[in-house]
Amino acid sequence: MPPHFSPITAGALGVELGALRGTLVLREVSKGTGLDASDISKWENGSKLIPERSLERLLDFYDVQGERRRRLLNLRESATKVHWWAPFREILDHQMIGEIEVEAKATLLEEIVDDSFGYLLQHPNARRENAQYYWQQPSPDDAELYLEVHRRRRQRLFDNPPLHVHAIVHELAFERSTDPEVMVPQLTLLRDLTAQGHVVLHVIPKTSGAAGRVFFRVKRYSFDEEDSPTYVFSEALTAGTVQESEREEIRFKRAWARLSALALSPEESNDLLHRRLKDWL
């Protein structure tokens with residue numbers, strides 16, 4: 001079993017294995033293959049990556065041959081590919097790794113955040129300051145590892161082509177810090193990113209009152225390829241953290257429609273951004 005594996009690819013393989021099992025109960029497959037039923041269940045839900053020999057036994061049992069067999073074996077192999085985030089797995093949980101993997105391949109990120117800017121849009125100075133809110137007294141070494149992960153993930157904004165980001169954020173994010181060493185580089189970064197055109201801000205003004213307050217964070221990643229799935233990562237909008245379903249799509253779209261109706265236009269949001277930056281300078 002490889003020490004590292006892709007939770008997204010393992011999940012995709014698990015869906016295929018579940019489809020192959022069909023109406024058979026786990027104990028039938030276990031009896032026919034000699035594999036443990038609990039392991040088969042974990043392979044199907046993607047929480048564990050199936051060993052190659054076990055996959056071969058399952059495919060024999062299901063009589064999968066030809067191109068489909070090769071595709072599933074290749075899918076399993078691709079799940080073991082080592083990416084830049086592999087050395088950071090000790091500080092990243094399974095779900096976070098899944099999000100990073102999706103983020104690395106996505107072309108569009110739509111996010112709704114509360115009273116701060118989204119993770120990728122945060123300047124390193126702001127991210128460091130936020131450590132006191134999000135990290136439970138990390139060691140200095142761990143704190144630097146978290147910041148290095150942040151630096152590497154932010155690189156998606158500067159890739160060619162870059163990740164496009166549409167963000168709904170509350171105006172209170174502009175008051176997140178009272179430190180000019182944090183806010184000036186933060187607002188300067190946002191000014192530059194929005195000027196390049198691949199980052200679009202929708203700011204909910206404070207005048208929107210209680211209706212405009214956001215107490216959750218949710219992100220939706222999508223891809224250029226036709227028929228590609230979308231992934232919704234939520235911290236409070238739904239019970240799940242990683243979702244890929246019509247239901248979660250509907251939830252996200254409803255939240256986005258409601259809040260974007262309260263938000264300033266991108267042009268008005270950029271004007272607000274420039275005014276706030278000018279106030280700091």
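Begin by selecting Glu248, which is found in helix α10, residues 246-262. The model on the screen is predicted, and every value given in this tour is computed from it.

Is Glu248 buried or exposed? Glu248 has a relative accessible area of 6%, and it counts as buried because that value lies under the 20% cut-off.

Next, select helix α1, residues 7-21, together with helix α5, residues 66-78. Their axes are 8 Å apart, and the helices pack at an angle of about 150°. The crossing of α1 and α5 is left-handed. To view the contact, show the side chains of Thr9, Ala12, Leu13, Glu16 and Leu20 in α1. In α5, they meet Arg68, Arg71, Leu72, Leu75, Arg76 and Ser78. By class, this contact of α1 with α5 comprises 5 nonpolar, 2 polar and 4 charged residues.

How many cavities of 30 Å³ or more does a search of the whole structure find? The search finds 1, and the largest cavity holds about 80 Å³ of space. To locate the largest cavity, select its lining: Ser116, Phe117, Gln122, Ala126, Glu129, Asn130, Ala173, Arg176, Ser177, Val182, Met183 and Gln186. Two elements, α7 (124-134) and α9 (180-196), each give two or more residues to this lining. Colouring the lining by class shows 5 nonpolar, 5 polar and 2 charged residues.

How values were computed: Residues numbered from 1 in each chain as written. Predicted model: local features only at pLDDT ≥ 70, side-chain atom pairs only at ≥ 80, totals over all residues. Heavy atoms only, no water. 1 Å grid on protein atoms, 1.4 Å probe; cavity = no way out; pocket = protein on both sides within 12 Å on 5 of 7 lines; lining within 4 Å. Points joined across faces, edges and corners; volume = space filled by probe spheres on them. Helix = DSSP H or I, 4+ residues; strand = E, 2+ residues; numbered from the N terminus. Nonpolar A, V, L, I, M, F, W, Y, C, P; charged D, E, K, R; others polar. Axes fitted to C-alpha atoms, helices over the stretch in contact; angles between N-to-C directions. Left-handed = near helix turned anticlockwise from the far one by under 90°. Contact = heavy atoms within 4.5 Å. Buried < 20%, exposed > 50% of the residue type's maximum accessible area, 1.4 Å probe, protein only.
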